[in-house]
Amino acid sequence: MRTGINHLFIPGPTNVPEVVRQAMNVAMQDQRAHDFGAGNLGLFSDLKKVFRTTSGEVLMFSGSGTGAWEAAITNTLSPGDKVLMARHGQFSTLWVDMAQRLGLDVEVIDLPWGAGAPICEFARRLGADKHGAIKAVFITHNETATGVTSSVAALRRALDEAMHDALLFVDGVSSIGCLEFRMEDWGVDLAVTGSQKGFMMPAGLGILGVSQKALAASKTATGRRCYFDFADQLKHNAGGYFPYTPPTQLLHGLRKSLDRMMEEGLENIHARHHRLGAGVRAAVAAWGLQTCAEHPSLASDTVTAIRTPEGVDAREVIRIGYDRYNASFGSGLGPLAGKVFRIGHIGDLNEGSCLTAIAIAELALVEAGVRLTYGSGVAAAQTVYAKAPQSFHLAA
Ligand code: PLP
């Protein structure tokens with residue numbers, strides 16, 4: 001029997017606040033009732049605030065981030081279209097795989113896992129593409145597998161400097177709602193996320209920001225879509241309805257999580273994630289371990305991927321954390337299996353949560369064979385947290 005709570009330190013699904021869970025405890029509803037739609041309109045307008053777009057649209061599909069990827073591609077591109085992508089982690093790799101399976105002509109830039117998005121190489125290839133063969137460029141804002149954040153603003157500048165018209169696709173699954181994200185300012189055409197990370201919800205909603213330029217592209221794109229068709233969704237969403245049975249409980253949860261996000265304020269949310277991430281990174285440095293991110297400037301504020309020393313299997317660290325201490329850490333994905341474990345510091349967390357994660361990681365690391373001094377990581381993180389402003393306190 002497991003006593004106490006399971007400490008969830010994976011980078012999604014994230015902790016669902018008690019008030020959000022309670023908000024979802026409602027009876028089933030008639031999704032075609034004349035008064036059902038009005039209650040949902042505010043969801044779309046608040047989601048636009050989180051995506052920071054006024055001119056674009058935000059759509060919600062039952063599904064997850066992967067479904068939203070598929071919706072983004074199939075609605076705005078046509079089979080055979082050339083697109084520019086990079087592979088530097090599990091999620092960027094899966095996105096390339098999807099684009100290829102959907103029939104796109106993918107120009108792939110391969111990088112070590114732990115590198116950031118190759119802005120200079122993107123810029124070079126966009127600059128060389130004088131006839132506009134590249135229809136879209138894709139960037140994974142936050143590579144959850146490696147704990148690497150890349151600059152979407154820098155890619156926008158590269159597109160502008162090359163005077164290139166390609167659509168800008170952003171995977172914001174583990175960034176939107178946690179890290180600074182500016183759909184309009186950065187000229188993002190398709191921004192993709194899911195409900196189970198920054199929105200502090202169960203999985204079940206694929207959420208998409210779509211620019212007017214992307215909507216225009218959807219009028220002529222011949223990608224095969226049906227369930228994910230933007231036009232069907234937009235027609236119904238305009239009145240707060242959905243073309244298919246919506247997960248009504250999730251809509252109630254989303255209302256509550258958006259209320260919390262608006263109350264805390266986006267800047268405060270970003271600052272909190274930065275502070276919590278800085279504490280975890282200080283702990284890793286105190287242990288004498290390396291992060292997977294190649295450079296400190298790439299370090300993600302939502303997840304830290306930590307390399308275990310040669311001879312120590314990261315899977316053991318995760319197993320010990322789970323079996324002995326009822327704590328879940330993220331695993332090393334793909335080629336990082338056994339080499340990396342991840343501490344998620346994303347969503348509804350505070351300093352106490354992260355100190356618990358660090359303390360349990362110390363226990364698991366030592367038992368798995370890593371030489372470190374108990375408390376060294378905890379003390380390093382405490383030093384960071386003591387200096388930084390305290391977490392914002394939300395009304396219950
Ligand atoms: N992209 C990133 C960066 C992710 O972290 C994930 C999931 O963790 C996905 C895409 C896939 O999203 P989902 O699991 O919601 O389909």
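In this predicted model, helix 5 meets helix 6 through Ile119, Phe122, Ala123 and Leu126, and the residues on the helix 6 side are Ala154, Leu155, Ala158, Leu159 and Glu161. Sorted by class, that contact has 8 nonpolar residues, no polar ones and 1 charged. Helix 5 is residues 119–128 and helix 6 is residues 152–161. Their axes come within 9 Å and cross at roughly 20 degrees. Angles under 35 degrees count as roughly parallel, so helix 5 is roughly parallel to helix 6. The crossing of this pair is right-handed.

Next, helix 3, residues 65–76, and helix 4, residues 90–101. The angle between them is about 40 degrees, and the axes are 11 Å apart. Helix 3 and helix 4 are therefore oblique to each other. They cross in the right-handed sense. Which residues in helix 3 and helix 4 meet? From helix 3 there are Trp69, Glu70 and Ile73, and from helix 4 there are Trp95, Met98 and Ala99. This contact has 5 nonpolar residues, no polar residues and 1 charged residue.

Helix 11 passes helix 12 in a crossing that is right-handed. On the helix 11 side, the contact is made by Glu316, Val317, Ile320, Gly321 and Tyr325. Helix 12 contributes Ile360, Ala361, Leu363, Ala364, Leu365, Glu367 and Ala368. By class, that gives 9 nonpolar, 1 polar and 2 charged residues.

Now the ligand. How many residues are around the ligand, and which come nearest? There are 13, and the nearest are Ser64, Gly65, Thr66, Thr144 and Val173. The shell around the ligand divides into 3 nonpolar, 9 polar and 1 charged residues.

Last, the annotation. An unreviewed UniProt entry carries the annotation "domain: Aminotransferase class V", covering residues 46–317. In the model, the end C-alpha atoms of residues 46–317 are 40 Å apart. That span is 40% helix and 20% strand.

Key. Residues numbered from 1 in each chain as written. Predicted model: local features only at pLDDT ≥ 70, side-chain atom pairs only at ≥ 80, totals over all residues. Axes fitted to C-alpha atoms, helices over the stretch in contact; angles between N-to-C directions. Helix = DSSP H or I, 4+ residues; strand = E, 2+ residues; numbered from the N terminus. Parallel < 35°, antiparallel > 145°, perpendicular 65-115°, else oblique. Left-handed = near helix turned anticlockwise from the far one by under 90°. Contact = placed C-beta atoms within 7 Å. Nonpolar A, V, L, I, M, F, W, Y, C, P; charged D, E, K, R; others polar. Near = placed C-beta within 6 Å. UniProt positions renumbered as here; feature names shortened; annotations may be inferred.
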